[in-house]
Amino acid sequence: MTTSVTETNRAEAPKILILGATGPTGRHIVSQALARGYDVTVLVRSPEKAADFKGAKLVVGDVRDEKALRQAVKGRDVVVSALGTPASPFREVTLLSTATRALVDSMKAEQVSRLIVITGMGAGDSAGHGGFLFDNVIFPLLLRHVYADKNRQEAVVKDSGLDWTIVRPSILNNKPGQNAIHTLTDLSGFHGGTISREDVAKFVLDQVQDSAWRYRLPLISW
């Protein structure tokens, strides 16, 4: 019995798990990963929101539930987290850090080491580089609690012992990709920027088989 080229390519394709797949950036990651021929699993709470993910395997569960996470992580090569949370002017936010702790434990249990996480401009040492409106109005009034949790999330990832990359996009938009992504670690002189969700997805998926940004926290912008 012979094996077809298609079957061989599929067997060699990266096996990835995507969290936050039904969000606006996550959807781009799913569609682009499938277009690249990757073997894609998504963990979703509401399977009806993922009904259009043709070709992806769905695991239903909560991202904070280690049992569901282990089921989704099992047999994967890479995990991509595009988890997000709405602006929260008044309430504390814990979803991102709680889910990431459970994810790290699940990945270790299933012996999966590669983790790519999207946080955002304003996390960690990128705080204060979003431009006047973002830094002085949007961030303190709407995103302070969200970014406090993104900071905790980044700390969990950096202390995980996993093979990680943290991607910090500038302000997201829904414009078509430009394929002109600037990747920054030295933010001196950088004060705000935007990038499309489509280009964020492309950059994130490029890291699946590239080691250039491992153990680093690039900020990406146009």
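I started with Arg-214, which is partly exposed at a relative accessible area of 30% (buried is under 20%, exposed over 50%, partly exposed in between, with a 1.4 Å probe and protein chains only). This is a predicted model, so I kept in mind that local features need pLDDT of at least 70 and side-chain atom pairs pLDDT 80 or more, while totals for chains, interfaces and linings use all residues. Residues are numbered from 1 along each chain as its sequence is written, and side-chain values use heavy atoms, with hydrogens and water left out.

**Salt bridges**

Next I looked up the partner of Arg-214: Asp-163 forms a salt bridge with it, with 3.0 Å between the closest N and O atoms (a side-chain nitrogen of Lys or Arg within 4 Å of a carboxyl oxygen of Asp or Glu). The pair links distant parts of the chain, 51 residues apart: Asp-163 is in strand S6 (residues 163-169), and Arg-214 is in the loop between helix H6 (197-206) and strand S10 (219-221). Helices (H or I, at least four residues) and strands (E, at least two) are DSSP runs numbered from the N terminus. Asp-163 counts as buried, at 11% relative accessibility.

How many salt bridges does a search of the whole structure find? I got twelve.

I then turned to helix H5 (residues 132-158), where Asp-149 and Arg-152 lie three residues apart, about one turn of the helix. Their side chains meet in a salt bridge at 3.1 Å, N to O. Asp-149 is buried at 0% relative accessibility, whereas Arg-152 is partly exposed at 30%.

In helix H6 I found Asp-206 and Lys-202 four residues apart, about one helical turn. Their salt bridge has its closest N and O atoms 3.1 Å apart. Asp-206 is partly exposed at 28%, and Lys-202 is partly exposed at 29%. With Arg-36, they are linked in a network of salt bridges.

**Aromatic rings**

My ring search gave four aromatic pairs (Phe, Tyr or Trp rings, the six-membered one for Trp, with centres within 6.5 Å; planes under 30 degrees apart are stacked, over 60 edge-to-face, the rest tilted). Phe-134 and Phe-139 are edge-to-face, 6.0 Å centre to centre with 65° between the planes. Phe-134 is buried at 7%.

Trp-164 and Tyr-215 are also edge-to-face, with centres 6.0 Å apart and planes at 85°. Trp-164 lies in strand S6 and Tyr-215 in the loop between H6 and S10, so this pair ties together parts 51 residues apart in sequence.

Lys-150 lies over the face of Tyr-147, 5.4 Å from the ring centre (NZ of Lys or CZ of Arg within 6 Å of the centre and within 35 degrees of the ring normal).
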